[in-house]
Amino acid sequence: MKYLYLFFAIAIIAAICFSSLAYWETRYPSFIEFYKISYHISNAIGFMRCGGFTLTNFWAPSFAENMPNTYFPFFQFIELLMLSKGVSIYFLSYWFTWIFLPLAFLTMLAFTYTLYGSRIAAYTVGLLSLSPVWTEHQWMNPPQSMVFILIPLIFLAFLYKRYIIALVLILCCMAANTIGLFILPCLLLYAIHDRPQRKSVLILLGIILLLGSPIFWLVAQRIKYDEIFQAGFMKPNLMAAVKGSLATMFSIKSQNHVFLGWLAFMGIIICY
């Protein structure tokens, strides 16, 4: 019976991913024009031209020329590596972006199957497949999608006590996107709950804080630049920009996925 549930979960993933190809074909032009796919590829090409990572974005359009390059570099380094091996820009923008959807499904399937069994794994995959917002978001911002892919692998590494692998995955997660930094409070909660691994996780957390200091410095530079940018072009000041962002985050009007997220958060509070 457990293999039947596992087959059912894999069948859902295959059906969603293959049927999404036609939808991806229609959405690809707008993603290239309005979302961050082309931005990350241009950064990777810029890194290739200058011979490595740089904090000055000299390849941007003229209105933003020579602005600070404060984006998290891990995903762009992967694209740089692939470009240096002869991979085409079309492959990076089309197939490499699309593949994040099946990868996100598969890592979540591996995590839930290992921890909870085939029935919960099938239920989780089925629940995710019902969310068009989650599905499409895997394509909108590839570095953020990479975080969603890495997090289940991080906790699988903890489950098998592979702390070196967990360390590498956490640093990659933190260097991929801002949301990857939220793995740190999650690790603290994990250490509080898992008494046998508490000491090991806390030591690992201290090493991460030390090795991740360049990432924290990059975040500080990003905040510094965003404050100047928003004060001059978008909002009267930084506080107004923060208030606007919080209003969007906490609003459930016309955002059913935000409402479901808050229900899940309430469930965590009730469990505690």
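**Notebook: helix packing, core and rings**

I started with helix α3 (residues 74-84) and α9, which pack at about 100° with axes 9 Å apart (axes are lines fitted to C-alpha atoms, for helices over the stretch in contact, and angles run from 0 to 180 degrees between N-to-C directions). So α3 is roughly perpendicular to α9 (the label covers 65 to 115 degrees). Helices here are DSSP runs of H or I, at least four residues, numbered from the N terminus.

Caveats for myself: this is a predicted model, where local features need pLDDT of at least 70, side-chain atom pairs count only at pLDDT 80 or more, and totals for chains, interfaces and linings use all residues. Numbering runs from 1 along each chain, and side-chain values use heavy atoms, with hydrogens and water left out.

Next I looked up who meets whom: Phe 74, Phe 75 and Ile 78 in α3 meet Pro 142, Pro 143 and Met 146 in α9. (Contact means heavy atoms within 4.5 Å.)

Then I turned to Ile 170. Beyond its neighbours within four places in sequence, Ile 170 contacts Ile 154, Phe 158, Ile 183, Leu 187, Leu 204 and Ile 208.

I found nine aromatic pairs in the structure (Phe, Tyr and Trp rings, the six-membered one for Trp, with centres within 6.5 Å; planes under 30 degrees apart are stacked, over 60 edge-to-face, the rest tilted). Trp 95 and Trp 98 make an edge-to-face pair, 6.0 Å centre to centre with 85° between the planes. Both sit in helix α5 (residues 95-98), three residues apart, about one turn of the helix. I also noted a cluster in which ring pairs link Phe 155, Phe 158, Tyr 163 and Tyr 190.

Note on methods:
Helices (H or I, at least four residues) and strands (E, at least two) are DSSP runs, numbered from the N terminus. Angles under 35 degrees count as roughly parallel, over 145 as roughly antiparallel, 65 to 115 as roughly perpendicular and the rest as oblique.
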